[in-house]
Amino acid sequence: MNSTAEALSGLRSPTWYEGATRWTQLTLVEDDPGSYDLDFWLGVFDETQSNATCLSAGGYVAYYPSKIPLHYVSRHIGDGDPFGDLVAGARQRNMHVVARVDPHAVHADVAAAHPEWISVTAEGELRRHWSFPEAYVTCAWGGYNREFMSEVIREIAAGYDIDAIFANRWSGHGVCYCAHCSSDFRAKTGRELPRRRDPFDPTWQAWLGWSRDVLTELVGHWNGIVASERPHGRFIPNIGNSSMLDFALDEVKRYCPILFVDHQGRTGVVPIWSAGRDGKRMRGVMGDKPIGLVTSTSVEEKWRWKDSVQSPEEIRMWMIDGMAHGLRPWFTKFNAKVHDNRWLPPIVETYRLHAELEPVLSKLAPTAEIALLDPSTTLRTWHSDDRDNAEGHELGFYHALVEARMPFDLLSDLVMTDAALDRYRLIAVANAAFLSEAQCDMLTRYVERGGALVTSFETSLYDEHGVQRPDFGLSRLFGASVAGPTEGPVKNTYIALDGADHPILRGFDGASRIMGGTRRIPLDVHGVSEVPFRFVPHFPDLPMEEIYAREPALEPAVLARQVGKGRVVYFPWNIGEIFWEVTNADHSRLLDNAFRWALGTPARVQSAGPGLVDIATRDGAGQISVHLVNLTNPMMMKGPIRETIPLRGQSVSVALPSGATTATARLLVSGQVPATSLQGGRLHVDLPEIHTNEVVLVEFGP
Ligand SMILES: [Zn+2]
């Protein structure tokens, strides 16, 4: 069955979302009605082979003739129904349709009629919109969402042929100090609303829990309203990436058949692999639930050029990296009047690639031998706007794994089980500072059974509530205990190579010491460990005449040990965080060496060649696909993608599974049959050239 037939068979069915694999989102602006070109957009549906669409319906502005008092209808609508026209056009094309609402702001008349619906600042003022002060920001936890938006959702679901309602910016913008929030929070927790966003503060943690409960209940309530009007229909909240931690995950999994990551593009020096990370991260919490990656046609920067157009390479690579890691392509265009149409060709090209790869790749499931633990227990105590501050350790490990060309998953510690851990040969834990006793026990059992662990810094130093333990929860795995408070930040630190024969020391020829981190934990070592690196005792960084080491390096900087049947590498310093900040090549090599030593035997999928490549692997019956995304960026270490530099000299090597003695390979993007050779139980594949990406499909035979 081809994808069109598949989409057709699922139309208006409870499993409609399975066929919703390529999305066009049109976010209307108020003067679109009457002045945009409907046929242009219906043509975009066709040209992109989109099988699903998300269309602006209501909330701040309604694009249909709403009958609900105070529901502001676009003043340009006349006697038309632009939302209805777009729904009809999409349904004529057998597309799935989602209606978008945006509840985060209201016009002044609503604020005057219902001041209790408006968010209140810490100073007690009704909160005006940060970008458009004529409008007001709504309270997410009270009557506006619960009563007014419920009516809007019911009206849209009852009146239009849709599959779901999607709400943007519905979950609030920080603590609201309105009377409802104050009294409800006090009634539920016995506390006053928090005045600061301190992840270690019990009142802040209580607010996060209260917000999580209220908003999760709201998702269920809205879901029930849509389903009561359309039995196959669903409500889908905009929650993605780190903001999904603000909800009760089991409930979200139950209500939402499909989710979307609202991470519309790169900003600043953010690497292009962030798109794939979104996919891994969602899968690491939500399992195999379908997820779309909301990608903007415009530049994503804090200066908000919403009418701009990203370079075609940015759009293409963002979507391709997301697709490689399992995300469905979704593009969003704000403003239906097109001032600049340069976004269309890269989207048409990328969607065509998706349509070509989908029949093969949708039958294979993502797999990896390595999982990077997503420290959700730690991160969820931070406000979603502040989480970047806590994520440096994981981002450093993430980048090191990409540089090492090791395919890996993300696994959230909130859904960690013995079985989930056992899918992997190696768990990398950059800095899961907050871990419960049960989580520590699970990791300990995993290693004792034969799993490998590479971890660093404050992992397991706090319990799940952020209360510091007297010693690491994983002290037995580390073979070491905390011997004093965390030191740092300090400048000018080094770690010295000890001996020459440990595999973790490979590749540092010529060096007797390399850069250390900026924060470290003093250790009392009590287990048997190999110590390939030791800290050089701190010495001054100025005056220049004082910059020399006074004392020999004694304290361990890397512990490598066998525990039960498994291997553990522990770095008692912030290697991930400092690698993410400085991107020093020695730290990349050190992490690479640690991963390889901990694995013990060669990785199942290996790849070599010049440049930076992001790799994703998928498995199916007698097949494995290796997706290589060319991240080699001519802008050096800056983020923006201007040009695709084709990569030559790339190779992939795949271990044959037991029972297989033959293997063949083909390249799904270029359509070529590559040169291969079978050696030592592995198939070696030489790739002629990779442009943006290539998929090597290996098929095994007896
Ligand atoms: Zn409120």
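Cys139 and Cys178 are both buried, a term that stands for under 20% relative accessible area with a 1.4 Å probe and protein chains only. The model is predicted, with local features needing pLDDT of at least 70 and side-chain atom pairs counting only at pLDDT 80 or more, while totals for chains, interfaces and linings use all residues. Residues are numbered from 1 along each chain as its sequence is written, and side-chain values use heavy atoms, without hydrogens and water.

Both cysteines belong to a zinc site, where the protein donors are Cys139 (SG), Cys176 (SG), Cys178 (SG) and Cys181 (SG), 2.3 Å from the ion. Donors here are N, O and S atoms within 2.8 Å of the metal (3.2 Å for Na, K and Ca). The arrangement is tetrahedral because the four donor atoms subtend angles of 101 to 116°; for four donors, this label requires all angles to lie between 85 and 135 degrees. Along the sequence, the donor residues follow the spacing C-x36-C-x1-C-x2-C. Cys139, in the loop between β5 (136–137) and α5 (143–159), and Cys178, in the loop between β6 (164–167) and α6 (179–189), are 39 residues apart and link distant parts of the chain. Helices (H or I, at least four residues) and strands (E, at least two) are DSSP runs, numbered from the N terminus.

Turning to helix α7 (residues 202–229), one finds Gln205 there. A polar atom of the Gln205 side chain lies 2.9 Å from the backbone oxygen of His465.

Gly265, finally, sits in the loop between β8 (259–261) and α9 (274–286). Its relative accessibility is 4%, so Gly265 counts as buried.

How values were computed
Tetrahedral: all angles 85-135°; square planar, octahedral: opposite > 155°, others 65-115°. Buried < 20%, exposed > 50% of the residue type's maximum accessible area, 1.4 Å probe, protein only. Polar contact = N/O pair within 3.5 Å; in protein donor to acceptor, adjacent residues only side chain to side chain.
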